[in-house]
Amino acid sequence: ACAWAGSVAMLTALRFAGGVAAGAIVPLAIAHIGDTVSYEARQTTIGHFLAATVTGQIVGGSLAGMFAEYFGWRTAFLAFGIAGAAVAVRIGMAARRMPRPAAPAPGQPRITHLALLRRRDTRVVWGGVFLEGCFVMGAVPY
């Protein structure tokens, strides 16, 4: 959407929304690793994940700068948007092959996001993730 922004205000709003969404990616990915990777392989997997994350930030920033310099800033957003969409499709295909989690045992309530929001510690963590997305992930391109 940033590639088609018609004003600086619209681009700023879209970048803000992207930063908010990006703030949850790393914590959710680490939680997923904790849920799906055996204890013996977990540290190695987290190490690979973090190495890929840092490499992606370094390479992504460099490539975006080159794209913007030679092809314009809109092309940089468009190229990375297409790459992100391709990754999302691939992850979606892999997720469909994974077994569904078991239903909670009878008598055990299913915890929902709204139920979690009633807890103060959850609101503190989610607030921190929100601020990280706004101020850390949103500042990287600038």
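Surface patches here are made of residues with over 30% relative accessible area and no salt bridge, with like charges joined within 9 Å and nonpolar side chains (Val, Leu, Ile, Met, Phe, Trp, Tyr) within 5 Å. A salt bridge is a side-chain nitrogen of Lys or Arg within 4 Å of a carboxyl oxygen of Asp or Glu. The model is predicted, and local features need pLDDT of at least 70, while side-chain atom pairs count only at pLDDT 80 or more. Side-chain values use heavy atoms, without hydrogens and water.

One nonpolar patch consists of Val54, Ile58, Val59, Leu63, Met66, Tyr70, Phe71 and Phe80, with about 810 Å² of accessible area together (Shrake-Rupley method, 1.4 Å probe). Helix α3 supplies the largest share, 7 residues; helices are DSSP runs (H or I) of at least four residues. Phenylalanine 71 lies in α3 and counts as exposed at 55% relative accessibility (buried is under 20%, exposed over 50%, partly exposed in between).

The structure also holds 2 aromatic pairs, meaning rings of Phe, Tyr or Trp (its six-membered ring) with centres within 6.5 Å; planes under 30 degrees apart count as stacked, over 60 as edge-to-face and the rest as tilted.

| Aromatic pair | Centre to centre | Angle between planes |
|---|---|---|
| Phenylalanine 16 and phenylalanine 130 | 6.4 Å | 80° |
| Tryptophan 73 and phenylalanine 77 | 6.1 Å | 85° |

Phenylalanine 16 in helix α1 and phenylalanine 130 in helix α6 are 114 residues apart, linking distant parts of the chain. Tryptophan 73 and phenylalanine 77 are 4 residues apart in helix α4 (residues 73–97), so about one helical turn separates them.

Terms used: Residues are numbered from 1 along each chain as its sequence is written. Helices (H or I, at least four residues) and strands (E, at least two) are DSSP runs, numbered from the N terminus. Buried means under 20% relative accessible area, exposed over 50%, partly exposed in between (1.4 Å probe, protein chains only).
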